[in-house]
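My entries follow in the order in which I checked them.

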Amino acid sequence: MAFGSFENSGASQPMAEINTTPLVDVMLVLLVIFIITAPLFHEAVPIDLPRVDASRLDDRPRIVSVAIDAAGQVFVDGREVARGELPARLAAIGAAGQPELHLRADRGTRYERVTEVLAEAQRAGLVRIAFVTEPAAR
């Protein structure tokens, strides 16, 4: 017997046997579950796709650079833009397509000026806006 006897026939010795039956039962159940579910992982439908000799299009968006200096002056693609001309300039850029706007703001620029430029870009329909920063010095 695996458990030994329950009789008090002398000194009690510690049981030196390990019952591995429950371990084997659990492993067999896991093996059966794996065998049943493994074919379900491969749910591919064989499809004969058409072959085309077209080249891949290069879908890089046009990038418009907007910079704001410490004084709050705005530069679009390196050219200075007056405060009143900024909405018209951004609207013209937005009408020409859907460019990506890269915004660079000086560290000393007031947050209010940055939000004004972002609001003008949003009104012009520019939704792809990226903030450009420099890596921190270590």
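These notes go through the salt bridges pair by pair, working from a predicted model.

Entry 1. I searched the whole structure for salt bridges, and the search returned five.

Entry 2. I looked up Glu116 and found its side chain in a salt bridge with that of Arg83, at 3.4 Å from N to O. This pair links distant parts of the chain, since Glu116 belongs to helix α3 (residues 111–123) while Arg83 sits in the loop between β3 (79–81) and α2 (86–95), 33 residues apart. I noted that Glu116 is partly exposed, at 29% relative accessible area, whereas Arg83 is exposed, at 55%.

Entry 3. Next I checked Arg128, which forms a salt bridge with Glu100, their closest N and O atoms lying 3.2 Å apart. Arg128 is in the loop between α3 and β5 (129–131) and Glu100 is in strand β4 (residues 100–105), so this pair ties together parts that are 28 residues apart in sequence. Is Glu100 buried or exposed? I found Glu100 buried, with a relative accessible area of 18%, which falls under the 20% cut-off, while Arg128 is partly exposed at 40%.

Entry 4. I then turned to Glu120 and Arg123, whose side chains meet in a salt bridge at 2.6 Å, N to O. Both residues lie in helix α3, three residues apart, which is about one turn of the helix. Glu120 is buried at 19% relative accessible area, but Arg123 counts as exposed at 62%.

Entry 5. Finally, I recorded that salt bridges with shared partners join Arg83, Arg113 and Glu116 into one network.

Technical notes. Residues numbered from 1 in each chain as written. Predicted model: local features only at pLDDT ≥ 70, side-chain atom pairs only at ≥ 80, totals over all residues. Heavy atoms only, no water. Salt bridge = Lys/Arg side-chain N within 4 Å of Asp/Glu carboxyl O. Helix = DSSP H or I, 4+ residues; strand = E, 2+ residues; numbered from the N terminus. Buried < 20%, exposed > 50% of the residue type's maximum accessible area, 1.4 Å probe, protein only.
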